[in-house]
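Good morning, and thank you for coming. I would like to walk you through one structure today, beginning with a single residue and then widening the view.

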Amino acid sequence: MAAVRERRHLNLRLPLPEPSERRPRFPLPLPPTTTISKSTTADAIGPQDIEKLHVLGHGNGGTVYKVRHKRTNAIYALKLVHSDSDPLTRRQLRREMDILRQTDSPHIVHCHGFFEVPSGDVAIVMEFMDLGTLDTLLKTNGTFSEPKLASVARQVLDGLSYLHAHKIIHRDLKPSNLLVNSDMEIKIADFGVSKIMRRTLDACNSYVGTCAYMSPERFDPDSYGGKYDGYAGDIWSLGLTLFELYVGHFPFLQSGQRPDWVTLMCAICFGDPPTLPKGASAEFRDFIECCLKKESGERWTADQLLAHPFLSKS
């Protein structure tokens, strides 16, 4: 609890931290200048093959574009990380590339290749999801019904089950990292702070990801068995995500309340898990409770949750 005690003396107006982790001492090299492709076939996409259409968003030292393949007219999303990005961003890019090379699931955003442009910027070419993110849908269309949430939960759990079976933990699951298309297919994206658990006893840094969606043991592992279970942490984040999509605001805060680090930490570590408002079905209420157990060992796994009765609503 030492880390928590130190934070109590900080300015209570601290803004909600963005995804972060300790920066390495020395810059990490970017990939080599030759084209890096996930595929070794002749169909690999390079910088000469695409035309930028417009910007989809900015953040974390890069820009995401909607692009068109010149020969096939296929539409993709291009994540371009700038050559002058800081070492942390470069490290996150390499991590994301490593994971995308290894994943092949209908519920993980598909990567079509990697390459470096002459300026030194590095690009990841991914499938284009035309409705953006679940966060965007929440802001434009309002809250989600239980049947829609059951569909979202099933698809995200399918993705998490795949990742966890391959010893990959996401560590930053939230509405803005879940992409959606017009067929309401949901895909997990943004693996910049994810981790491949190569050994059973791998250390797992607690302070990466987005503060608001961190589980209690990430803030204070000593009070929750002395360790952070990344797989259970992803389930906690899923529970908060579904809760937020249902009520329209972050569960631990009142609608419109501006968060700060200490308020969030105290609510997550010392408060009871949030409870759904009246009107929620018994199945949905139980599903959320299975995700938001304070003790990580009591949370259901992705495979267990896939058999939960709530998903029959989808």
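Predicted model: local features only at pLDDT ≥ 70, side-chain atom pairs only at ≥ 80, totals over all residues.

Asp234 counts as buried, because its relative accessibility is 1%; buried means under 20% relative accessible area, exposed over 50%, and partly exposed in between, with a 1.4 Å probe and protein chains only. Residues are numbered from 1 along each chain as its sequence is written, and side-chain values use heavy atoms, with hydrogens and water left out.

Asp234 belongs to helix H6, residues 230-247. Helices here are DSSP runs of H or I with at least four residues, and strands are runs of E with at least two, numbered from the N terminus. Which residues does Asp234 touch, leaving aside those up to four places away in sequence? They are Leu160, His164, Ile169, His170, Arg171 and Leu173, where contact means heavy atoms within 4.5 Å. Ile169 is 65 residues from Asp234 in sequence, yet the C-alpha atoms are 7.0 Å apart.

Let us turn to the sheet. Five strands form an open, antiparallel sheet in the order S1-S2-S3-S5-S4; two strands pair if DSSP finds at least two bridges between them. Strands S1 (50-59) and S4 (111-116) stand at the edges with a single partner strand each, so one side of each has no neighbour in the sheet. From one strand to the next, the twist averages 25°; axes are lines fitted to C-alpha atoms, for helices over the stretch in contact, and angles run from 0 to 180 degrees between N-to-C directions. S1 and S2 (residues 62-69) are joined by eight bridges, and Gly59 has Gly62 as its bridge partner in S2.

Helix H2, residues 87-102, lies across S3, S4 and S5 (122-127), at about 40° to S5. Among the buried residues of H2 are Leu93, Glu96 and Leu100.

An unreviewed UniProt entry lists Lys79 under "binding site"; UniProt positions are given in the numbering used here, feature names are shortened, and annotations may be inferred rather than shown by experiment.
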